[in-house]
Amino acid sequence: MTAPVSRPDDPALLRIDGPIATITLNRPAAFNSINLAIAQKLEQLAAYIESADDIRVVVLEGEGRAFSAGGDLQTIGAAAEANTVTPVVGELLKHYHAFIEIVRRMPKISLSSVHGSAAGAGMGLAFVTDLCIAAEDAKFTPAYAKIGVSPDGGSTVGIVNTVGPRRALQIFLAEDNFTAQQAHEWGLVARVVPSAELKAATRTLAERLAQNPPAAIAGTKSLIYQAATTPVKQQLDAEEHKIIMAMNTEEFRTAVKKFTSKGK
């Protein structure tokens, strides 16, 4: 698959630097809110990244003052007024949820880099990735209950599996918003850094993650996500299968030779 060419006015941009791909949400005037155009673009970019063997890490960031304000309420509100919510939101979520599915299943590590506001589906997007790094000024706003709806956009996928059902109920129904430090304490954010250092810290973490060989990344991610719902014997069989696959790679043979030669 040929790499998509990003134009400056695209709703989401793709930049590739060695083994690291960066997707930038690019609707800064709308605080990177999610409409049909950005959902379709995200699905396209994720499909390419999934197919690109040389990419090991994908970073997700937002242009402008916010990471993402969530679903585009102007579009959704107009659909509600016109009684076309089912087809309009259904089409939007078809593409957006396809993007989320790819991010979760791809044999690469995804890392969200969050600054400013992450609200509604934008909050869900921050936490549906495998890891999240956040600026000290980042603010997470559930937003759903206040407008009379339940979570979407992968919000329950990323959050519930991390914090458990009771904390998730607190987040979605009892929190107006919460800080990056609170998110770190709850296990949702891996690192909190000063705002001015976010881009550099994101790059450093992405480079560290990219040092892992592809088989290690793919096997580890797959095993971790299936562990909670897989019977012990089946999980052990999966561990055996994944580690033997990884041990048959050149990266493993090289690493073992390097390790066993120490001290000789």
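Entry 1: I began with Ser110, which touches Val58, Val103, Thr129, Asp130 and Leu131, leaving aside residues up to four places away in sequence. Contact here means heavy atoms within 4.5 Å. Ser110 sits in strand β4. My helices (H or I, at least four residues) and strands (E, at least two) are DSSP runs, numbered from the N terminus.

**A note on the source.** This is a predicted model, in which local features need pLDDT of at least 70 and side-chain atom pairs count only at pLDDT 80 or more, while totals for chains, interfaces and linings use all residues. Residues are numbered from 1 along each chain as its sequence is written, and side-chain values use heavy atoms, with hydrogens and water left out.

**Entry 2: strand β3.** Next I followed Val58 into its strand. How many residues of β3 (residues 57-62) are buried? Six of the six are, so the strand is largely enclosed by the rest of the structure. Val57, Val59 and Glu61 point one way, while Val58, Leu60 and Gly62 point the other.

Strands count as paired if DSSP finds at least two bridges between them. β3 pairs with β4 (residues 109-114) in the parallel sense over four bridges, and Val57 stands opposite Ile109 there. β3 also pairs with β2 (residues 20-25), again in the parallel sense, over six bridges; Glu61 is the bridge partner of Thr24. With helix α1 (residues 36-51), β2 and β3 make a right-handed β-α-β unit. Right-handed means that, with the strands pointing away from the viewer, the path from the first strand over the helix to the second runs clockwise.

**Entry 3: the cavity.** I searched the whole structure and found one cavity of 30 Å³ or more. On a 1 Å grid over the protein atoms alone, a cavity is a set of points where a 1.4 Å probe fits but cannot get out; a pocket is an open set with protein on both sides within 12 Å along at least five of seven lines; lining residues have an atom within 4 Å of a point. Grid points are joined across faces, edges and corners, and a volume is the space filled by probe spheres set on the points.

The largest cavity has a volume of about 70 Å³. Among the residues that line it are Val58, Val103, Ser110 and Thr129. β3 gives the largest share of this lining, three residues. By class I noted nine nonpolar, two polar and no charged residues. Nonpolar covers Ala, Val, Leu, Ile, Met, Phe, Trp, Tyr, Cys and Pro; charged covers Asp, Glu, Lys and Arg; the others, Gly among them, are polar.

**Entry 4: the largest pocket.** Its volume is about 670 Å³. Of its 26 lining residues, the closest to the centre are Thr129, Asp130, Leu131, Ile224 and Tyr225. Which element gives the most to this lining? I found α9, with six residues. The lining divides into 15 nonpolar, eight polar and three charged residues.

Definitions and conventions. Buried means under 20% relative accessible area, exposed over 50%, partly exposed in between (1.4 Å probe, protein chains only).
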